[in-house]
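Let's walk through this one together, question by question. Have a look first, and then we'll dig in.

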Amino acid sequence: MPDVVQQRMGVPVLVCDPAGPPVATVRDALDLVGAAFLGAEVVAVPASRLGDDFFSLGTRFAGEIMQKFVNYRLRLAVVGDISRHLAASAALRALVHESNRAEHVWFVPDLDALDARLAEARPQRR
């Protein structure tokens, strides 16, 4: 399945292919931002496409990526099981907890959970 914009709970979401290229650099993230400009308000990236650097907060890679999405007024949803990373880092657990309380970056286990979040939140218009 290629990356595709889908209407999910009335919100256009760029749902990224789990088999797509890894998001290993800021440039890779900006490529997703560019793809989202075709009409998406949310980018749903499978956690499997994010390397260990993203989940190791000391690298600051997650912060850089998250800030790019905020700067471009796009929401980022990291979709998938990140329990292995959460078990290894109290700082990551805190980041995920705080992110999930806000509107810009969410960590969800699957697309159904993303749909539930979208149903709860008012879409942020660009």
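Q: Where is S89 found?
A: A quick note first: this is a predicted model, where local features need pLDDT of at least 70, side-chain atom pairs count only at pLDDT 80 or more, and totals for chains, interfaces and linings use all residues. Residues are numbered from 1 along each chain as its sequence is written, and side-chain values use heavy atoms, with hydrogens and water left out. Helices (DSSP runs of H or I, at least four residues) and strands (runs of E, at least two) are numbered from the N terminus. S89 sits in the loop between α4 (83–88) and α5 (90–101).

Q: Is S89 buried or exposed?
A: Buried means under 20% relative accessible area, exposed means over 50%, and partly exposed is in between (1.4 Å probe, protein chains only). With a relative accessible area of 16%, S89 counts as buried.

Q: Which backbone nitrogen does the side chain of S89 reach?
A: The loop in question runs between α4 and α5. At 2.9 Å, the side chain of S89 reaches the backbone nitrogen of L92.

Q: Which residues of α5 are exposed?
A: Start with the buried ones in α5: L92, V96 and S99. Seen down the helix axis, the buried residues of α5 fall within an arc of 70 degrees (taken from the directions from the axis to the C-beta atoms), so they line one face of the helix. On the other side of α5, the exposed residues are A90 and R101.

Q: Which residues of α6 are exposed?
A: In helix α6 (residues 111–120), L114, D115, R117 and L118 are buried. Down the axis of α6, those buried residues fall within an arc of 165 degrees, so they line one face of the helix. On the other side of α6, you'll find the exposed D112, A119 and E120.

Q: How far apart are the C-alpha atoms of V70 and H104?
A: V70 belongs to helix α3, and at 31% relative accessibility it counts as partly exposed. V70 and H104 are 34 residues apart along the chain, while their C-alpha atoms are separated by 6.5 Å.

Q: What classes of residue make up the lining of the largest cavity?
A: The lining includes V23, L50 and F54, and α1 (26–36), α3 (61–71) and β4 (75–79) each supply at least two of its residues. Nonpolar here covers Ala, Val, Leu, Ile, Met, Phe, Trp, Tyr, Cys and Pro; Asp, Glu, Lys and Arg are charged, and the others, Gly among them, are polar. By class, the lining has no polar and no charged residues, and 10 nonpolar.

Conventions
A polar contact is a pair of N or O atoms within 3.5 Å; within protein, one must be able to donate a hydrogen and the other to accept it, and residues adjacent in sequence count only if both atoms are side-chain atoms. On a 1 Å grid over the protein atoms alone, a cavity is a set of points where a 1.4 Å probe fits but cannot get out, and a pocket is an open set with protein on both sides within 12 Å along at least five of seven lines; lining residues have an atom within 4 Å of a point.
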